[in-house]
Amino acid sequence: MTTFASEFKKMAGRYTADLTHRAFIKKALSGYYQKRDDSKASFQSWQGARDLAAETKYEAVNHLDRYLVEFAEKIEARGAKIFWAPSAREARDYILGVARENGVRSIIKSKTMTSEEIHLNDALEKEGYGVFESDLGEYIVQLRKEPPYHLVFPAMHLTRGQISDLFQKELGSAPTDSPEELTMIARRVMRRKYCEADMGISGANFAVAETGMISITENEGNARLTTSLPRIHVAILGIEKVLPRLEDLALFLPMLATAGAGQQMTCYNTMYGGPRQPGEIDGPEQMHVVLLDNRRTELLADAEQRDTLGCIRCGACLNVCPIFKNVGGYSYGTTYQGPIGSVITPHLRGLQDWKHLSAASSLCGACTEACPVKIDLHHHLLQNRRNAAAAKPVMIEKISFLGFAWLMSHPSIYHLAAKLGRVFQPLHPIVNGTFLDPLIAWTRSRAFPNLAPTSFHEQWKKSRK
Amino acid sequence: MSDGKTIILNRIREALRENPAPRPHASHTSSDQEETPRDHTPREWLPKVGERLDEQIDLFARQSEGLKTEFHRCGTMEDARAILSVLVAEGAWKKIATHTTPDTSALLEKNRAEILKTDTGYQIDDLESCDAGITGCECLVAQTGAILVSAPSAGGRALSVLPPHHIIIARTSQMVPDLTAALELAKERYGNKFPSFLSFITGPSRTGDIERILVLGAHGPKRLTVLLLED
Ligand code: SF4
């Protein structure tokens, strides 16, 4: 087993046994389900919207070169600088270079999973830059020196008590159990940071080819401040974010809001087309757009799973996933958690190291059904398993399945095995849960069901007599 | 060594050349083989909006209520001024930021608070210390209760987000039915000379990052007021 797989098993075991954590996550998500369903119901047809969204992404992803070039040319014509980053390292180096050349001292960031993916904060801090996450949830996990727990709700695993303790310790604030007061504490701290920062780093949810704009969706207003006040704006986005037409936003903005947080529309949906233009009174003097590949083109080359590049990172598949709800966001050990993370991480970071995530699935298909752009997530998990087994067969699995196939195609042996099972099951309690237990993998955390006294096959035979 | 652009575009072209991906199949048009989702527009699937102006204004009002936007229909500029003076008195506002348009100027007539205009720029700390920001907008979107603002129509990027209370003054002729219409309007108005900043504002700033409990005024305005005047 790879170290990643054993780490996953260890963490997943720990989180699954933590009933308080599970109950807390369940409660946090219960409001989401209600709001999401209400918002879906306001659509004339949510399914029709999903079809159109999937088709639009299909068109964009399958003509990615054309739309990317169009986007880049349009936004460059308005004074933005595009940097094409084949790898994470090149993206980091470029951003460090911009900071260095411009004598930047303080950096404010709005939520961007892409920067988590390339570990940008570490790189900037190592060079001595102060980097502040401005999204409330991101700020909280940054203070705790933790990665985001969930790609949309970064601090959803923490109670207000834990956050109050954290603020007391790190910011010297008075204890409180009011989410409102806690939010205001963060607001006051951040206000000063916005005013002082000379570089703002953001992500983007969409890049519009037709008009050369990036679009950022947020509720708090932190991204708007991050992109308004500092003199340099750096936006970092994956190459798959591009949409062909401006009108496509009319579809994607409400869909992202609905699937992501159960809102009909997120509070701020902002389109940025370049730095401050002639005649405008504010906005950054420089805008840099970093287009990141970082092995996305490998996903693109896999026609079977190419649709994963349509992902709008709404988090809906996490919120409905029985695995996510039990093992929590940290067990995955990936930037992108949940079903989408399990599907794409093997492509982005190596199939053999990350194939175990594709096995951590009940194949219930809840993710596929939740996905607003109709990514065939649970089948992709199966394909990853198939590809992993084909590339590097595991002997014990091969032998077990050969044995299983043989057993299932020999009825008389099968019946004998069932009978033997019934005879020996009463003896099982003697070894139950010990290292002698042949079923230990199962019985460690579960009771083994009793075999029926007569099998269906026997009953059938009897009733036909 | 070739540059990043060439590397990435080559990788993309290579990936696409070899392998065509299966088209997504539509779930709603199974009976009709010829039809594809592209034959449809978002309008058919998104929440329905009435055609008449009064229906649209009603819908905007209902959406505002859910979003906690304070929406007022004002018969005359005098009504709008009365609402503003209540807000100024209640909040003991000392300084209000705005940009110059005929409507913002008319609204602020007879007002006693100090005025900061962003027309030719501003100091960040100065704007930050204002009690409210008053702006115009591009249009109001009935479908979602959103307001489309832009750099020229809202006095830049920060005026509508930095002060703790944002007041928008708009005219009924600025009501559009849905997001599609709002984006079309922006395209018609600006051609390819778009402002660098356009934003759909949908209610006051909010967060649910602590236990998924709604708190207003995360980083942007805690309150959002829309004053809608007849033309
Ligand atoms: S895979 Fe689908 S449901 Fe999951 S985050 Fe991406 S868009 Fe959302």
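User: At what angle do helices α2 and α12 of chain A pack, and how far apart are their axes?
Analyst: In this predicted model, α2 (residues 19-41) and α12 (residues 248-261) of chain A pack at about 150°, axes 7 Å apart. Helices are DSSP H or I runs of at least four residues, numbered from the N terminus; axes are fitted to C-alpha atoms over the stretch in contact, with N-to-C angles from 0 to 180 degrees.
User: Parallel or antiparallel?
Analyst: Roughly antiparallel, α2(A) to α12(A) (over 145 degrees; under 35 is roughly parallel, 65 to 115 roughly perpendicular, the rest oblique).
User: Which residues make the contact?
Analyst: Tyr32(A), Lys35(A), Arg36(A), Ser39(A) and Lys40(A) from α2(A), with Thr258(A), Ala259(A), Gly260(A) and Ala261(A) from α12(A) (heavy atoms within 4.5 Å). By class that contact has three nonpolar, three polar and three charged residues, with Cys and Tyr counted as nonpolar and Gly as polar.
User: And what about α21(A) with α22(A)?
Analyst: Helix α21 (residues 395-408) and helix α22 (residues 411-424) of chain A pack at about 105°, axes 6 Å apart, so α21(A) is roughly perpendicular to α22(A). Trp406(A), Leu407(A) and Met408(A) of α21(A) meet Ile413(A), Tyr414(A) and Ala417(A) of α22(A). This contact is six nonpolar, no polar, no charged.
User: Switching topic, how many residues surround the ligand?
Analyst: 13, the closest being Cys311(A), Cys314(A), Gly315(A), Cys317(A) and Cys371(A) (a heavy atom within 4 Å). The shell has 11 nonpolar, one polar and one charged residues.

How values were computed. Residues numbered from 1 in each chain as written. Chains lettered and ligands numbered in written order. Predicted model: local features only at pLDDT ≥ 70, side-chain atom pairs only at ≥ 80, totals over all residues. Heavy atoms only, no water. Helix = DSSP H or I, 4+ residues; strand = E, 2+ residues; numbered from the N terminus.
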